[in-house]
Amino acid sequence: MVARGKEAAALALHRFGFGPSGGEIAAIADDPRGAVLADIDRPLAGNIDGPLPTSSESARAVFDFQAAQQAKQKLTQRMQKPDSVGMMQVSSEAIAAITADLAVGQKPGENQPPLPQQLFLNEAKARIDAATSSNIGFVERLVWFWSNHFCISADKVVAMSGPYEREAIRPFVRRRFFDMLQAVESHPAMLVYLDNVESMGANSVAGINRDKGLNENLARETMELHTLGVHGGYTQQDVTSYANVITGWTWIPPVEPNHGGEFAFAKRLHEPGVKIVLGKFYADTGLQQGREVLADFAKHPATAHHIAQKLAAHFVADEPPPSLVAKLEQTFKDTGGDLKEVGKTLVSADESWTPQRTKLKAPSTWIVAMLRLASPAAIAPNAIGRIVGAQATLGESLWRPLAPNGYPDTEAAWIDGVPHRLNIANEFAARVAATVDPMALLDEGLGPLASSDTRQTVARAETRAQALTLLVMAPEFLRS
Amino acid sequence: MTSLHAPSRRELLLASGTLFAWAYMPRLARAEGRDPRFLTIVLRGALDGLATVMPVGDPDWVSLRGDNALTLEGKTPALKLNDYFALNPAMPNLARMYGANEAIIVHACATPYRERSHFDGQDLLESGLAKPTPSESGWLNRALAGLAPAGRVDPKGGKVFAVGPVTPLVVRGPAPVLSWSPQRVQPASADTAQRLLDLYKHADLKLAGVLEDSAKLTAIEHSGEMDPKAGGSNPAQVKAYFAEVAGTAAKFLAQPDGPRVGALALDGWDTHVNEGIGKGRLSDLLGSLDVALAAIQTNMGPPWHDTVVALVTEFGRTARINGTDGTDHGTATVALLVGGALKGGRVIADWPGLKEADLYEKRDLKPTTDLRAVLKGVLKDHLRADERVLAQNVFPGSDAVKPTAGLVA
C-alpha cells in the first residue's frame, strides 16, 4: 500500500526531509513524489553560502590562537615570579600583541567564546540554518547521511570538522560515489582523524630514518566502513597492503603560515613498490596508486550493496524491504555510483512510500523538525549553543561520534533516550510557546498523520507550552 | 528451570496494568540468603590487555615492547600482583581490591571472534553469539530473562538497566530495560510526563514502556548528591564522567528494591597512536576507570559483599607497538572481575608466551581462555543461572565451553 494526497505529503516531509514547516504539506499535496524529486534537481540544494573559512584557514587560525594562549600562560607565570630574570623580559608590547591575538574575531564589548569554540559554533549554526530553512530538505538529509557515513570527530579535529563537511561531503552528494570517496579519504580532517598522518612505510625514507612505520587505522575503516563493508571479502593482508598504498597521504602541519592544514602527498613517507590489494597488482605510481585502489573499491559490488542497504535503512525502515535495497544497488551499479540517480530511485520506489512509519528519528533530525515547526523566526540568533547542547544531551553531539562507524541508525539504539527528549522539548516549548498556536501547528506539522488521540491530547493541554511539548513528543512526530 | 519466555513491555502492560509487577530476582540465589548484584562494564574500542596487566615475569616481555614495557623498576614502576604479573600503575584502587581478594584478572582471554573489526567484535562481545551475525538481544538480557523469578513482587528489582542515552546491545532483549543518563536540562513536569504517557499507552506501547521506566528511576537518581559536571573529553572530564556513571550505577544496584543487574559502556580505548601506557592517554583512561571502580565500591555500601563487576572489551591489541607508538587491533586481552563476592586475589591465565611463534598470527597475544567461560562461571555461581540455559540461550552453541569454576566465594 502506498500513501496518497495530503497524507503522502506529510509522510514525505517527515521521511525524506526534516519535517514540514508552515504550509508545506498543502503546497506539495498534489504531487509529493514529484516535489521530492524536484528537490534533487534544485541547483543550490545542499549548498551553504556565507563567508566561512576553509579547513586549512580554520586549522591555522586555531593553531595560532592556541600558540598565543600558551605564550600568555608563560608570561603570566613569569610575572608571578618577580625575583626571576623573567620579569625583566616581559614587555608591555608583548602583552599587547598576545592579547590582540587572543581577541581575533571578538567584537568589542561582547562576551564571546574563544576562537576555536566560536568557529565551531559558526559552522554548527550554518548547518542548522541550512536544515531549518531548506525546501523539502531531502538533499540536506543526504548531506547528513553521508557526513555520518564518512564521519570524523571534532574531539580530534575541532578546527576542521565543519569545513570538512562543506568541502568533502556537500559538493558530492549528487555526484559519483567515487568523487566523494576520493575527497573524503584525502581530506586532512580524515587523515588526521584516522591517524594516516602518523603512518609511514617502513621502507620509506622517513620510515628508515625515524625507525617508524605503518598505522592501518584509515585503511581498515576505508574498507570496512566506507566502501566494501565488513563482509566485503577482504583480508588482513589487504588491509595492511592498502595501508602501505596510502602512506604519504598526509597534511602540511598548520604551523606553516601559507599552506598549513592542506593535503599533501609526501613521497618521503610513501612505502615504495608494487602492492597487491584484493588480488590486483598496483604499480607504484605514488599518489595515483591510492586513487586507483579507491576507484576499484568504489566499483566493487560489495560497496554497491553496502551503500544501498545503509541508505534504505536510513530513510525507510531499520530493516528495509530487500526489493528496495536491490533497486538501489542496481542503480548504483548501472550508473557507476551516480548518487543523484540512486536518490531518484529511492524516492521513486513504491517501497519508500509505505504508510507504516517505524523509523525513530535520530535526535538531531527530531530537533530540526521541532525548529522548523515553530518557524525559524521563533529561534533566537544565539540559540545555537542550546541546540548544540541539546544534541549532546541526547547522545548525538555534533561531529563527535564515539567511533568511526558514526552514530547508530536504529530505533533500538535511540528509544531509551526518548525521556530525555521530553525535557528538551519542554525547555524548547517554554521559550517559543508564547508566539505559537498549538492546534494550527498540529495541522502544519502532522496534518492527516495526527491520530485522534494525539489531537485530543494536544487540545486538552493546560498551557500552550505543554501543548507544544506534547505535539513534538507525539509518536507521529518522533517517527518517520 | 522455568520458562525462558520473558514478558515484553506490551505484555506487562496488558497483563497487569503496571509495568513493574514482574520480578526477576534471582530466586535460587535468594533462597541461599544471598542477594547478588552484577554489573557489566563494556570497554569499547579494544583495551590493550598487555598494557593493563603486564607479564613482567615473561623473559620476552621487555624485548617485545621495548620502552613501552613497564616493569617493576623504572620511572613508572608497575604494581606487583604476583611473581609473573603486574598492574598498570594508574590503577591503585584495583591493586588494593586485588590485595583484599576482591579482584580477579583473567589474561590471554578473548571472545570467539577472530577478525579485527571493532563493530563486529563489539556486537559479538555483547550479543554472546559465536559468530558476528546480527542480533536484537544481548547475553546479559537473555541471562536475566532465563533466571527463575523470585516469588515476591518488586517494583524494579527484576529489571536490567543501562546507562547512557544509547542502549548497549548487551542489555537489549526480552527482559525490560531501564535507562539512565546524566541529566543536564530542567526536566518536564510530572503532569506533562503523565499526559504524554497516557498518549503513548494508546498510540505507541514501545514509547510508553521507555517513558514509564524513566520516571521510576528519577526518584533514585535524586536521592543523594551528584556531581552534575560531565561531558567533554579532557582527562578530568572523562574521569568525572566515568565516576559519575559508574557511581550512579552502583547507587541503583545498592537500593533494597533497586535493579540487581546492569550494564554500561565506557568508550575510548582505541589507542592507535601515542598510546601513553606509563603516562598519557591510556594511563589517563585506566586512571579514570580505576576511580570509577572505587566509586562503585563506595556507593554500593554493604551490598558490595554481594557484588561482581565484570569489565570486558571486544578484543585486544597487537602484541608489539606499531609504527606510531600505539597498537593496532589484535586478539587476546584481559577481562577484569572486581567485587566483594569474588574469591579474588588471583590472575587466571594459561599463559601462551610472547615469542613470535607463540603469538596469534605472529602478531597478537594468543587467546587461551574463552571469555564466555568466565562470564558463564559468574552467571552460574553468582546469579545461579542454569548451565544448560547458559549454553543454549545466553551463549548459544557454547556447550563445549564449560563455566569457569570457583570465581565466586
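**Terms and their cut-offs**

Tutor: Start with K362(B), which is found in the loop between β11 (346–348) and β12 (369–370) of chain B. Helices (H or I, at least four residues) and strands (E, at least two) are DSSP runs, numbered from the N terminus. This is a predicted model, where local features need pLDDT of at least 70, side-chain atom pairs count only at pLDDT 80 or more, and totals for chains, interfaces and linings use all residues. Residues are numbered from 1 along each chain as its sequence is written, while chains are lettered from A and ligands numbered from 1 in the order in which they are written.

Student: Why is K362(B) called exposed?

Tutor: Count C-beta atoms, placed from the backbone, within 10 Å of the residue's own: 20 or more others is buried, 12 or fewer is exposed, and in between is partly exposed. K362(B) has 11 others, so K362(B) is exposed. Its phi is near 55 degrees, a positive value in a residue other than glycine.

Student: What makes Q255(B) partly exposed?

Tutor: Q255(B) has 16 other C-beta atoms within 10 Å, so it counts as partly exposed. Its place is the loop between α10 (235–254) and β8 (261–267) of chain B. G301(B) is 46 residues from Q255(B) in sequence, and the two are 9.8 Å apart in space, C-alpha to C-alpha.

Student: Why does D195(A) count as buried?

Tutor: D195(A) has 22 C-beta neighbours inside 10 Å, so D195(A) counts as buried. D195(A) sits in the loop between α11 and α12 (205–210) of chain A. Its phi is near 70 degrees, a positive value in a residue other than glycine.

Student: How do you know that helix α9 of chain A is mostly covered?

Tutor: Look at residues 161–169: eight of the nine are buried. Among them are Y164(A), E165(A) and R166(A). What covers the buried residues includes α4 (55–79), α7, α8 (138–149), α10 (177–185) and α11 (188–193) of chain A.

Student: What makes α7(A) roughly perpendicular to α20(A)?

Tutor: Two packed helices are described by the angle between their axes and the distance between the axes. Axes are lines fitted to C-alpha atoms, for helices over the stretch in contact, and angles run from 0 to 180 degrees between N-to-C directions. Here the axes of α7 (residues 115–133) and α20 of chain A come within 10 Å and cross at roughly 85 degrees. Angles under 35 degrees count as roughly parallel, over 145 as roughly antiparallel, 65 to 115 as roughly perpendicular and the rest as oblique. That makes α7(A) roughly perpendicular to α20(A).

Student: Which residues meet there, in α7(A) and α20(A)?

Tutor: L121(A), A124(A), K125(A) and I128(A) in α7(A) meet I384(A), G385(A), I387(A) and V388(A) in α20(A). Contact means that the C-beta atoms of two residues, placed from the backbone, lie within 7 Å. By class, this contact has six nonpolar, one polar and one charged residues. Ala, Val, Leu, Ile, Met, Phe, Trp, Tyr, Cys and Pro count as nonpolar, Asp, Glu, Lys and Arg as charged, and the others, Gly among them, as polar.

Student: How many residues of chain A and chain B are in contact?

Tutor: 48 residues of chain A are in contact with 44 residues of chain B. α22(A) gives the most to the side of chain A that touches chain B, with eight residues. By class, that side has 22 nonpolar, 17 polar and nine charged residues.

Student: How do you know that both faces of β1(B) are covered?

Tutor: In a regular strand the side chains alternate between the two faces of the sheet. R37(B), L39(B), I41(B) and L43(B) on one side of β1(B), and F38(B), T40(B), V42(B) and R44(B) on the other, are all buried.

Student: Which strand does β1(B) pair with in the parallel sense?

Tutor: Two strands pair if DSSP finds at least two bridges between them. β1(B) and β9 (residues 307–313) of chain B have seven bridges, in the parallel sense. R37(B) stands opposite T307(B) in β9(B). β1(B) and β8(B) also pair in the parallel sense, over seven bridges. There, R44(B) stands opposite D267(B).
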